[in-house]
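Visitor: Please take me through the salt bridges in this structure. I would like a close look at the pairs and where they sit.

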Amino acid sequence: MELPFAESWKIKMVEPLRKSTREEREQWIKEADYNLFQLKSDQVYIDCLTDSGTGAMSDRQWAAMMMGDESYAGSSSFFMLKDTICRITGFEYVIPTHQGRAAENVLFSHLVTAGAIVPGNSHFDTTKGHIESRKAFAVDCTVDEAKDTQLEVPFKGNVDPAKLEKVLAENAEKVPFIIVTITNNTAGGQPVSMQNLREVRAIADKYGKRVIYDSARFVENAYFIRTREEGYGEKTIKEICKEMFSYADGMTMSSKKDGLVNMGGFIATRHEDWYEGAKRFCIPFEGYLTYGGMNGRDMAALAVGLDENTELDNIETRIRQVQYLAARLDEFGIPYQRPVGGHAIFVDADKVLDQIPKEEFPAQTLAIELYLEAGIRGCEIGYILADRDPVTRENRFGGLDLLRLCIARRVYTNNHMDVIAVALKNVFDRRHEITRGVKIVWETELMRHFTVKLERL
């Protein structure tokens, strides 16, 4: 008999969780203006808001923190981190930042100007925000298959080559770079194939453009290439990562995801001119070049985390847990973006709460109902997150409306996955009783989902 799959680690330290009553949760969510970001952490039982910075570090990472070099300039921890990044990606120039959006801010301050057009595959919220705040335009070139959540296609995160070619043919002079998000978070945690990365590279070369990877979950992307794309089944994760980055000119990284740390990020590139341009903004925005926005101990932990997570055992354990939760939802017939990605379940709220109109934000409503049911905090990746069109100021309802349930790395057990699945089933079973959603009573201009205030209808 084949042995069952088990985690590639054992537990050394635990943190208690607090349960609450429905009456308490009803009061708390009302006080939070029905925005789950505004809840206090001790008001949450299982936290699936994000996988960003919420993972558990390993014994090697904690040991590395004790050896962190806090020198303001020339920190040995920086050079250890730089060497690790260079070994995994092939990029020579590295600038540390305090997190991924800081990396975008520094690099885009150099590259993005008013009127620019930045094509990519479903730009994430901070990416789009940094582009649009500079009076530029993010153009989504994701494949159409991503819009059908029930379609089983292995690489739904891909860039559509025809869409990308059209943007460049019509506006090449306005395009500073092409951005590819690996994995494509906004489309439901969907990976990008190696073949597609080659196609993007070829189109970029045709028009003389450079390519940036939004790389927060690049290790998950490499795992899916290994398991879904012909010719990669025997390659190591590190070998696949090296090839992926060979088709890019640079990257921004939120290290709080696949770097397995609680805070940090970086820019890496093979081009000295990008490095020199970004340096001008790193020092006033983040800090000196050999620490950016990071402590020496955090850079040391990140170097170890990148090395650990690009090994098969670690990333496979992480993705198999997400697949376990997906299998439970399959038992209950709950629709989500298929095939399941590597860091979260993206429940199709339009299909679950089909009586609620788009204008009443089904995914946010579903997130509220799941919290009231069991104290589980998810995140809307949909119509609220999409913000308003920067020109017309109309809500953007053209994309998917998803409830994202992120799974923190090395934190929860499969028993917690069972609680999530059954709680969601309970909401799903009474979905036809939920006939009204929420309305916005206050919002900010960009990235409104973090601070939006809502009322129930």
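Guide: The structure, a predicted model, holds 40 salt bridges. Take E152 and R338. Their side chains meet in a salt bridge, 2.7 Å from N to O. This pair links distant parts of the chain. E152 is in the loop between β4 and α6, while R338 is in the loop between α12 and β9. They are 186 residues apart. E152 is partly exposed, at 47% relative accessibility.

Next, look at helix α6. E165 forms a salt bridge with K206, and their closest N and O atoms are 2.7 Å apart. E165 sits in helix α6 and K206 in helix α7, 41 residues apart. E165 counts as partly exposed, at 22% relative accessibility. K206 counts as exposed, at 57%.

Now find R388 and E443. Their closest N and O atoms are 2.9 Å apart, in another salt bridge. R388 lies in the loop between β11 and β12, and E443 in the loop between β13 and β14, so this pair ties together parts 55 residues apart in sequence. R388 is partly exposed at 22% relative accessibility, and E443 is partly exposed at 23%.

Some salt bridges share partners. R60, R87, K238, D307, E308, E311 and R410 are joined this way into one network. Two of these names return where helices α3 and α9 pack: R87 is among the α3 residues, and K238 among the α9 residues, where the two helices meet. The axes of α3 and α9 are 7 Å apart, at an angle of about 85°. That makes α3 roughly perpendicular to α9. By class, their contact has 4 nonpolar, 1 polar and 3 charged residues.

Key
Residues are numbered from 1 along each chain as its sequence is written. This is a predicted model: local features need pLDDT of at least 70, side-chain atom pairs count only at pLDDT 80 or more; totals for chains, interfaces and linings use all residues. Side-chain values use heavy atoms; hydrogens and water are left out. Axes are lines fitted to C-alpha atoms, for helices over the stretch in contact, and angles run from 0 to 180 degrees between N-to-C directions. Helices (H or I, at least four residues) and strands (E, at least two) are DSSP runs, numbered from the N terminus. Angles under 35 degrees count as roughly parallel, over 145 as roughly antiparallel, 65 to 115 as roughly perpendicular and the rest as oblique. Contact means heavy atoms within 4.5 Å. Ala, Val, Leu, Ile, Met, Phe, Trp, Tyr, Cys and Pro count as nonpolar, Asp, Glu, Lys and Arg as charged, and the others, Gly among them, as polar. A salt bridge is a side-chain nitrogen of Lys or Arg within 4 Å of a carboxyl oxygen of Asp or Glu. Buried means under 20% relative accessible area, exposed over 50%, partly exposed in between (1.4 Å probe, protein chains only).
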